[in-house]
Structure formats: structure tokens, C-alpha cells
Amino acid sequence: ILLPIVGNACEHASAVRFAILDKPGLSIGIAVGSSTQISLFVVPFSVLVGWIIDSPMDLNFGSLNTTVMSISVIVVLSVVVDGTANWLQGYLLISGYLIIA
């Protein structure tokens, strides 16, 4: 949990800074790029480290985790597709985060 937060602290700070400067497109791009980087590098790397230390780690997620991630992708896609955001999409993003957390 701490590796993605600490490893991408600079990216998170710049995403927040650009959001404050009223540049939501750039902020969303940074956030989605950071999430993609973690999902494509850190998760498979964790599986490889699990093999090395002989710990049972695999990419076999349960149905609840898969459903939550699928809904998260759909909500983020609804914000990214049109390039603009309104209060309802912001509410959906915050609600999705609170449900997942």
C-alpha cells in the first residue's frame, strides 16, 4: 500500500497542483498515467518477488475485487472520454473512492 503512494508522491503533488490551477485535463492525465504505471509494473513485479521469496502471490483476484475495479474503470472512463467534468462526475469519483476505501 505504501509503495505506490511514496513512489509516486511527486506525481500526486503535481496532479493536485494542476487541479488547483484549474487544469483538470492535465491533472486527470497525470492521475490516470500514475495508476496505469502502478498496475502495469508494480503488481507483476510483486508476483515475481513472491516467486523469489517462495510466497504465494498471484493475480487471481476475487469476484468482488474484479467488480470494484471494473466499476472504477467505467467511472474514470466517463470523466476522461469527453475531456470536461462537472459536479456529478466529481461526486461519482469521490463516492467511488469512498466505497473502495
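Phe 45 counts as partly exposed because its relative accessibility is 44%, where buried means under 20% relative accessible area, exposed means over 50%, and partly exposed lies in between, with a 1.4 Å probe and protein chains only. This residue is found in helix H3, which covers residues 24-52; helices (H or I, at least four residues) and strands (E, at least two) are DSSP runs numbered from the N terminus. Phe 45 also contributes, together with Phe 41, Val 49, Ile 52 and Ile 53, to a nonpolar surface patch of about 540 Å². Patches are made of residues with over 30% relative accessible area and no salt bridge, like charges being joined within 9 Å and nonpolar side chains (Val, Leu, Ile, Met, Phe, Trp, Tyr) within 5 Å, and a salt bridge is a side-chain nitrogen of Lys or Arg within 4 Å of a carboxyl oxygen of Asp or Glu.

The model is a predicted one, in which local features need pLDDT of at least 70 and side-chain atom pairs count only at pLDDT 80 or more, while totals for chains, interfaces and linings use all residues. Residues are numbered from 1 along each chain as its sequence is written, and side-chain values use heavy atoms, with hydrogens and water left out.

The protein contains five helices and zero strands, so that, under the DSSP definition of these elements, the pattern read along the sequence is α-α-α-α-α. Its C-alpha trace spans about 45 × 30 × 20 Å along the principal axes. Of the 101 residues, 15% count as buried, and the protein exposes about 7,900 Å², of which carbon and sulfur atoms supply 74%; accessible areas come from the Shrake-Rupley method with a 1.4 Å probe, and for residues only the protein chains shown count as cover. Among contacts (heavy atoms within 4.5 Å) between residues at least 6 apart in sequence, 32% join residues at least 24 apart.

Within helix H3 lies Ile 30, which is buried because its relative accessible area is 19%. Not counting residues up to four places away in sequence, Ile 30 touches Glu 11, Ser 14, Ala 15 and Phe 18. Of these, Phe 18 is twelve residues from Ile 30 in sequence and 9.4 Å from it in space, C-alpha to C-alpha.

Two aspartates in loops were examined next. Asp 22 lies in the loop between helix H2 (9-20) and H3, and it has a positive phi of about 65° although it is not a glycine. Asp 22 is exposed because its relative accessible area is 64%. Asp 54 is exposed because its relative accessible area is 72%.

Gln 89 counts as buried because its relative accessibility is 12%. Leaving aside neighbours within four places in sequence, Gln 89 is in contact with Ser 78, Val 79, Asp 82 and Thr 84, and its side chain reaches the backbone oxygen of Ser 78 at 3.2 Å. The side chain of Ser 95, in turn, reaches the backbone oxygen of Tyr 91 at 2.8 Å. Ser 95 and Gly 25 are 70 residues apart in sequence, and their C-alpha atoms are 20 Å apart in space.

Conventions: Polar contact = N/O pair within 3.5 Å; in protein donor to acceptor, adjacent residues only side chain to side chain.
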